[in-house]
Amino acid sequence: MTHDIVAKLWNLCNVLKDDGVTYHQYVTELTYLLFLKMAQETGTEEQIPKGHRWADLAGKSAPDRLEFYKLTLIHLGSHGSRLTKEIFANASSFIKKPATLSTLVTEIDKLDWYSAKQEGLGDMYEGLLEKNANEKKSGAGQYFTPRPLIDSMVAVMRPTLDDVIQDPAAGTGGFLIAANHYLRHHHNFDSLTEAQQRKYQTNTFFGMEHVQDTHRLALMNLMLHGIDGGIRYGDTLSPEGQALPKATLNLSNPPFGTKKGGGLPTRDDFTYPTSNKQFCFVQHIYRGLAPGGRAAVVLPDNVLFESGVGKDIRKDLMEKCNLHTILRLPTGIFYAQGVKTNVLFFTRGTTDKGNTKEVWVYDLRANMPQFGKRTPLTRDHFTPFETAFGKDPLGSPAALKKRQDEGETGRFRRFTRDWIAQRDDSLDIAWLKDDSAESSADLPEPSVLATEALGELEHLMNDLRGILAELGDEELATA
């Protein structure tokens, strides 16, 4: 039933195509309408000012409805509950035709909301977000980590009710929602005291999102899963990020690339300032872990081998944390096919020195299928890794001892800190012959591309010198 409702809601985006509305804009627009409708369905309309609720919108005549709706969006940005004001902050409609809005309101009213509530409104909304992420034209894939990967990361990290769980690059809240699913599956929430329930709803999940439209989707997602707020609108790489509380569990897939304009982050607490966003987020994550806190973070390959400040950050990470596991992920599982990624698992030490003694690397990249629509990534692909990882999130020496006793396997190997140091602290470790890579169309590693580019540049410079020499400009030719 949830799947049917998701399909019907998604198909309504065809109504907006004539208005030139994109898929991502459609999901944002739908969020405004669903917030009003679900408040009615769940009996929580007290958070919305009277005169601006679903019944008020549905009760307007079709010609007047669009103007009323646009005024309502503006009004709710500064009136109502804190959550209402955050979701409608700077809201505006992309709809141009009154008939378009009337069709959406009518079709949303016709859906089987009783069944949707029985099966879970949160699951329905997540289904919409996943559809949007899988639609390449929407451009939303950058905000969406594949759910099988998220679930596997959460499963081996084993969240507890005592955890303070953070995602500093929250997107639409996928990691926090998955942690919520895990905790609700493993605990009887009916037996929690009122204080425990309140702590869970308001002081367990924290995050930050830099894109306001994505932040709205995240708040809606958390609300429909029974979590009050938790994700702030702001830039983690600014002083706003310093205000996030210390985490005991960090789950994240930070953005890749450089800051807009190539500038440095505006916060002043990073030991190694850099315009590279993933290296900035790595510093935020391990610096922001409480002693004994653990993290699982998706990062691109260059974090493992880049020299200069990259090497300094890796060394600092291995000093302050026990970087116990690296999972080399298959290519093609993200929206950008050539991106090669890994998951780094680490635990913050009680001291700041010598915490990493060895790193275990699990290669789930070599000789794997080319994932895509024909071969979708599933949770089963991660089962061997989860088995090898073990049942303890490696916060204790006993867990590492157990892993050593069980020994290495074909895809799982142990490398000492001394061995890594001899390789100039590079963590880009592979030992399996990858037959699939020989026939794949993956892009070369960045280091290979850089070498090739430098070679081409040298050829061009030699040609230029030759031309200048022929023109008789010996000074420039030898420069």
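**Helix α5 and beyond**

Reply: The cover over the buried residues of α5 includes α3 (23-42), α4 (54-58), α6 (82-87) and α7 (98-110). Contact here means heavy atoms within 4.5 Å. Buried means under 20% relative accessible area, exposed over 50%, and partly exposed in between (1.4 Å probe, protein chains only). Helices (H or I, at least four residues) and strands (E, at least two) are DSSP runs, numbered from the N terminus.

The model is predicted, so local features need pLDDT of at least 70 and side-chain atom pairs count only at pLDDT 80 or more, while totals for chains, interfaces and linings use all residues. Residues are numbered from 1 along each chain as its sequence is written, and side-chain values use heavy atoms, leaving out hydrogens and water.

Which residues of α5 are buried? They are Arg65, Leu66, Phe68, Tyr69, Thr72, Leu73 and Leu76. An α-helix has 3.6 residues a turn, so residues three or four places apart point the same way. Helix α5 covers residues 62-76, 15 residues in total. At 1.5 Å a residue it should span 21 Å, and its end C-alpha atoms are 21 Å apart, which agrees. The expected span is 1.5 Å times one less than the number of residues.

Next, a helix pair. Helix α9 (residues 121-134) packs on helix α13 (residues 212-224) at about 150°, with the axes 8 Å apart. Axes are lines fitted to C-alpha atoms, for helices over the stretch in contact, and angles run from 0 to 180 degrees between N-to-C directions. The two helices are therefore roughly antiparallel. Under 35 degrees counts as roughly parallel, over 145 as roughly antiparallel, 65 to 115 as roughly perpendicular, and the rest as oblique. The crossing of α9 and α13 is left-handed, meaning that the near helix is turned anticlockwise from the far one by less than a right angle; clockwise would be right-handed. On α9, the contact uses Leu121, Gly122, Tyr125, Glu126 and Leu129. On α13, it uses Leu217, Met220, Asn221 and Leu224.

Now a strand residue. Ile165 sits in strand β1 (residues 165-167). At 0% relative accessibility, it counts as buried. Beyond four places in sequence, Ile165 touches residues including Leu176, Phe205, Phe206, Leu249 and Leu251. Its C-alpha atom is 5.8 Å from that of Ala247, 82 residues away along the chain.

Last, the charged pairs. The structure holds 21 salt bridges. Each is a side-chain nitrogen of Lys or Arg within 4 Å of a carboxyl oxygen of Asp or Glu.

Asp316 and Lys320 meet at 2.6 Å, N to O. They are 4 residues apart in helix α17 (residues 309-320), which means a separation of about one helical turn.

Arg328 and Asp428 meet at 3.2 Å, N to O. This pair links distant parts of the chain, 100 residues apart: Arg328 is in strand β6 (residues 321-328), and Asp428 is in the loop between α20 (417-422) and α21 (435-439). Arg328 is buried at 7%. Asp428 is partly exposed at 22%.

Arg414 pairs with Glu358, with the closest N and O atoms 2.8 Å apart. Arg414 lies in strand β9 (residues 412-416) and Glu358 in strand β8 (residues 358-363), so the bridge ties together parts 56 residues apart in sequence. Arg414 is partly exposed at 37%. Glu358 is buried at 8%. Elsewhere, salt bridges with shared partners join Lys37, Glu41 and Asp109 into one network.
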